[in-house]
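Hello,

Here is the structure we talked about handing over. Please open it first, then read my notes below.

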Amino acid sequence: MPDNRSKRKYIYGVDLMRLLFIVGVLTIHTSTQFTFKFSSGSAPFLFLSALHMPMHFTRMGFMFVSGLVLFLNSYRRPMQLLNFWKRRYFWVLIPYFFWNIFYHFLAHYPEKILTSNWWLQYWHLLIHGSGYYMYFLLIMLQLYLLYPLLRLLLKKTEGKHLQVFFYAFAIEILITVFTKFVMPHLSTSNWPYLLQSYGMFVLTYEGYFIAGALAGIHYEAVEKWIVANIKKIFIAALIGIPVIFAYYFYNVNLLHLSYSKAYEVHQPLIVIYAFIVIANIFYVGHLYDQLVVSNKHPKFVAFISKAQKIAFGLYLSQTVALTILDLILEQVTTNSAWLWLIWPVATLAVIAFSGLLCWTIYNTPVAHYVIGRPLNQRNKWKSTSHN
C-alpha cells in the first residue's frame, strides 16, 4: 500500500477518534455503576449487562488508536530507542504512580495509612495494574517495551502488511477462543500473572495494536478504503449492534456463563464487531478532518482540539467522578425507577466533571504531569503532534 503521509502535517481526525473512544470508556464504566443497582438476574440488570456488549468496542478502539498514534508519529523517523523510551515512560509512569497512590490513599482514609501494609498494597497495585482502571497504563508500559520488536516486524514485512493484518486478526480471534472456551477448564494457578490476568497482558490485544500501527503507517490508503466502503461498513454495524446485544443472552442461557463472564470483552464475536465499529469511527474522524480543513464551525473544532488534549486525563481521573456517583447512588433505592432517569444525566455529569477537573490540572503548573500532558499553551488550539 502506498504511503503519502509526509504530505500532511497533521491528521485532525485522529483527535476526534481518540476523544470518542475515551468518552465511550467513561460511558460504559458509568453504565456499570447502574447495572449493579438492580437485583442480579432481574430484567433491568440483564438489559444493562447486555448493553455492555455493543459498547465494548471502546476499549478495543482505545488500543487501536494507541497503536495508530504511536506509529503515525514514529515509523518513518529514525529510531532513537533510548529517547523514545525516556519520553514515553516519563509521561506514563508519573500518572501511573500518582493516580494509584491517590486512589489508594482515598480508599483507605481515614484508616491507618502509610503503614508497611499500606505500602505493600500500593506496590501490589503498581505491579499488577489491578485497581482504578490502571490496567491500560500497565498495558502501555508493555507496548512501549515491545515497540522496537513490533517496528522491526513491520519494517521486515513491508509490502506484505495486508497479510500481517489478516494474520494478526486471526490470532486475535484464536486468543479469544482460547480465553473463553479453553482457559476456564485449565488450572492456571501456577501461570505467570499476565497470563492468568490476560486482560492486563499486551499480547491479548495484539490484533488491535497491529491494526492501529498499520493504519498509522498507511493512513491514506486505509482512509480511502473505508470511505469507498462506508455504506457496507455502516450496515454491518447496524446489524452487529442487535446481534452482539443478543450474544449476551446466548452466553447466559445457552453457554451458562456467569453474568460477569457473559459480557467479558474478550470474545470472538466481539473482535469482529469491534473492528467494524472502529472502521465507522475512523470514517467519523475522516469527516472531522475535512471539517477542520474547510475552516467551518471553528468553535466546535476549537472545543474538540482542547478536549482531545485532556483525553488521557479523562481516563485517569474518571474514578474521582465515578466514586462521587457511587456515593450518590447509595441514596437511591435498589431497583428504583429513578435509576433510569438518573443514568443518562449521570453519564454526562461524569464526563463533564472529569473534563473540568482535567482542564484545571492541564492549566496548573507541575500538576499537569499527572495527566500525562505538558502545561497548556494558551491560545494555541491547533495541535502539532498526536503524542
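**Helices and surface**

Helix H3 (residues 57-74) has 18 residues, and its first and last C-alpha atoms lie 26 Å apart, close to the 26 Å expected at 1.5 Å a residue. Keep in mind that this is a predicted model. Of the 18 residues of H3, 17 are buried, so the helix is largely enclosed by the rest of the structure.

Next, helix H11 (residues 230-253). Its 24 residues should span 34 Å at 1.5 Å a residue, and its end C-alpha atoms are 34 Å apart, which agrees. H11 does bend, by about 30° at Gly240. A proline, Pro242, follows within four residues. Gly240 is also one of the buried residues of H11; the others are Ile230, Ile233, Ala237, Ile244, Tyr247, Tyr248, Asn251 and Val252. What do they pack against? The partners are helix H2 (43-55), H7, helix H10 (219-228), helix H12 (259-262) and helix H13 (268-293).

H7 covers residues 161-182 and includes Val182. Val182 is partly exposed, with a relative accessible area of 34%. Together with Val177, Phe178, Phe181 and Leu186, Val182 makes a nonpolar surface patch of about 360 Å².

Last, Trp119. This residue sits in helix H5 (residues 116-128). Leaving aside residues up to four places away in sequence, Trp119 touches Ile101 and Leu114. Tyr147 is 28 residues from Trp119 along the chain, and their C-alpha atoms are separated by 31 Å.

Best wishes

Definitions and conventions. Residues are numbered from 1 along each chain as its sequence is written. This is a predicted model: local features need pLDDT of at least 70, side-chain atom pairs count only at pLDDT 80 or more; totals for chains, interfaces and linings use all residues. Side-chain values use heavy atoms; hydrogens and water are left out. Helices (H or I, at least four residues) and strands (E, at least two) are DSSP runs, numbered from the N terminus. Contact means heavy atoms within 4.5 Å. Patches are made of residues with over 30% relative accessible area and no salt bridge: like charges are joined within 9 Å, nonpolar side chains (Val, Leu, Ile, Met, Phe, Trp, Tyr) within 5 Å. Accessible areas come from the Shrake-Rupley method with a 1.4 Å probe; for residues, only the protein chains shown count as cover. A salt bridge is a side-chain nitrogen of Lys or Arg within 4 Å of a carboxyl oxygen of Asp or Glu. Buried means under 20% relative accessible area, exposed over 50%, partly exposed in between (1.4 Å probe, protein chains only). The expected span of a helix is 1.5 Å times one less than its number of residues. The bend at a residue is the angle between axes fitted to the seven residues ending there and the seven starting there.
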